[in-house]
Amino acid sequence: MRIFSKDFYDGDKMPELHVFNGMGYTGGNISPHLSWDEIPSNTKSFIITCYDPDAPTGSGWWHWIVVNIPITVNMLEQGAGTDINKLPKGAIQTRTDFGKIGYGGAAPPPNKSHRYIFNVHALNINKLNVDENDSGAMVGFKMHYHLITSASITAIYL
């Protein structure tokens, strides 16, 4: 499986449009366009995540989680993380480490380069049993038992 974005290439600097707006940052806080292909034949649904493994927490930072994306969908348009009308029917976003639902852009400590890893995960079930209040760690735990494969694209922000 492969994942792509119209907004950046793997390893590029994250565009300001996708950076957090708050805590001293003045980005657009808009989720990027993501699309994927080469989907395994036994896939029944997808999960999209954005995770910063470099956050100074000991466990990273979840920036975005979208679960229960139907098999008929292979793209999230730019802004889907802040406009629920852009999400596929049946998909839900869960709580991020910002403490709220929806996309939260890059916001590393000053003078520290961080990686923002966008993943698409192919699952062997139609719907993962989670709700909007579940954390990224809980989604990851439940997803683990149904994961077929994953693909990632990484943006860097300093």
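F4 has S35 in β4 as its bridge partner. The model is predicted: local features need pLDDT of at least 70, side-chain atom pairs count only at pLDDT 80 or more, and totals for chains, interfaces and linings use all residues. Residues are numbered from 1 along each chain as its sequence is written, and side-chain values use heavy atoms, with hydrogens and water left out.

**The sheet**

β1 and β4 (residues 34-37) are joined by three bridges and run antiparallel. Two strands count as paired if DSSP finds at least two bridges between them. Strands here are DSSP runs (E, at least two residues), numbered from the N terminus. Three of them make an open sheet, in the order β1-β4-β7, with antiparallel pairing. β1 (2-4) and β7 (75-76) are the edge strands; each has a single partner, so one side of each lacks a neighbour in the sheet. In general, strands of a sheet pair through backbone hydrogen bonds, either parallel or antiparallel.

Most residues other than glycine have a negative phi. M23 has a positive one, and N29 does too. M23 sits in the loop between β2 (21-22) and β3 (25-26). N29 sits in the loop between β3 and β4.

| Residue | Phi | Relative accessible area |
|---|---|---|
| M23 | near 55° | 59% |
| N29 | near 55° | 12% |

N29 counts as buried. Buried means under 20% relative accessible area, exposed over 50%, and partly exposed in between (1.4 Å probe, protein chains only).

Notes:
Helices (H or I, at least four residues) and strands (E, at least two) are DSSP runs, numbered from the N terminus.
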